[in-house]
Amino acid sequence: VLGASGGFGTLFSQVLAKAGIEVRGISRKGTPKPEATFTDYLSADPCNPNEEVIARVKEANVIISCVPPGPCIRALEALGPHMSQGALFTDVLSVKTAICEEYMKAKDKLPHVELLSTHPMFAPAAGWEAQNTAIIEIRGGPRSTAFSALIESWGSKCIQMESGVVHDRVTAAVQNATHSALLAFGLCLNKMGYDAEMAAQISTPPHRAMIGVIQRMANINEPDTYWDIQTENPNSEETWSNLEAAVAEVHTAVKARDREAFCKIISGFKPMLASSNETCKSPY
């Protein structure tokens, strides 16, 4: 596991060790988190590997990169030639267009390596159970299949995506738009002088749900995760433009006291969500 000192590195150490798999950690940081369960841990730079790193890579069946995009690409370039026949290189990056393009370039240079890009659609603190994991198979094989099966054995559902481009188009809605709206909501409350204690006494279910999410954003999840998604997804700017236009459209209807336009906005959600089975599960 590369980037073994982080949240996903720690999570992988726990679930893999529990499955009886030997898990070795490599990170530039000197020590793993106390809750990590690595077989052994090496403080080293996987992008500039020393002999100890190379020795571990040669013995590994799977290399899981839990580092940012740039280091992930550099690590693949540095470690790929030393990986054993049929070994798997995979990552957990939130944005896929660029990394999948790099994997496609690496296919000819690393014909002996399986390449699988995975995206756990949750923060490490949430754990795998009942979560979704997007996967993009660049070069499949037995190890890729086994790794995906392991993820599903932990309770997560693996969703095969056609490409990094398709993945990022979908996550622009699932993550970028969602996070943008939540950030704007939280910032709006802050500017209003929000009284959390008073509001909690008369809160509605939707309000409590949104407050719960921004509390998690502020107290549990890493801000850099949201930053990377907002800045790296190639569809981010278009998403922000649509969000700004949407807020302006609602505001225009309210200022004009145009009930018909306002209601039309809400009724427009119904056909958009007609194919989703999530509607009936809503607590509201």
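Author: A residue is called buried under 20% relative accessible area, exposed over 50% and partly exposed in between, with a 1.4 Å probe and protein chains only. This is a predicted model, in which local features need pLDDT of at least 70 and side-chain atom pairs count only at pLDDT 80 or more, whereas totals for chains, interfaces and linings use all residues. Residues are numbered from 1 along each chain as its sequence is written, and side-chain values use heavy atoms, with hydrogens and water left out.

Most residues other than glycine have a negative phi. Ala130, however, has a positive phi near 65°; Ala130 sits in the loop between β5 (114–120) and β6 (132–139), strands being DSSP runs of E with at least two residues and helices runs of H or I with at least four, numbered from the N terminus. With a relative accessible area of 66%, Ala130 is exposed.

As for packing, the axes of α6 (residues 164–191) and α8 (residues 205–219) come within 10 Å and cross at roughly 95°, so the two helices are roughly perpendicular, a term for angles of 65 to 115 degrees. Leu182, Leu183, Phe185, Gly186 and Leu189 of α6 make the contact (heavy atoms within 4.5 Å) with His207, Met210, Ile211, Val213, Ile214 and Met217 of α8. Sorted by class, the contact of α6 with α8 comprises nine nonpolar residues, two polar ones and no charged ones; Ala, Val, Leu, Ile, Met, Phe, Trp, Tyr, Cys and Pro count as nonpolar, Asp, Glu, Lys and Arg as charged, and the others, Gly among them, as polar.

Notes:
Axes fitted to C-alpha atoms, helices over the stretch in contact; angles between N-to-C directions. Parallel < 35°, antiparallel > 145°, perpendicular 65-115°, else oblique.
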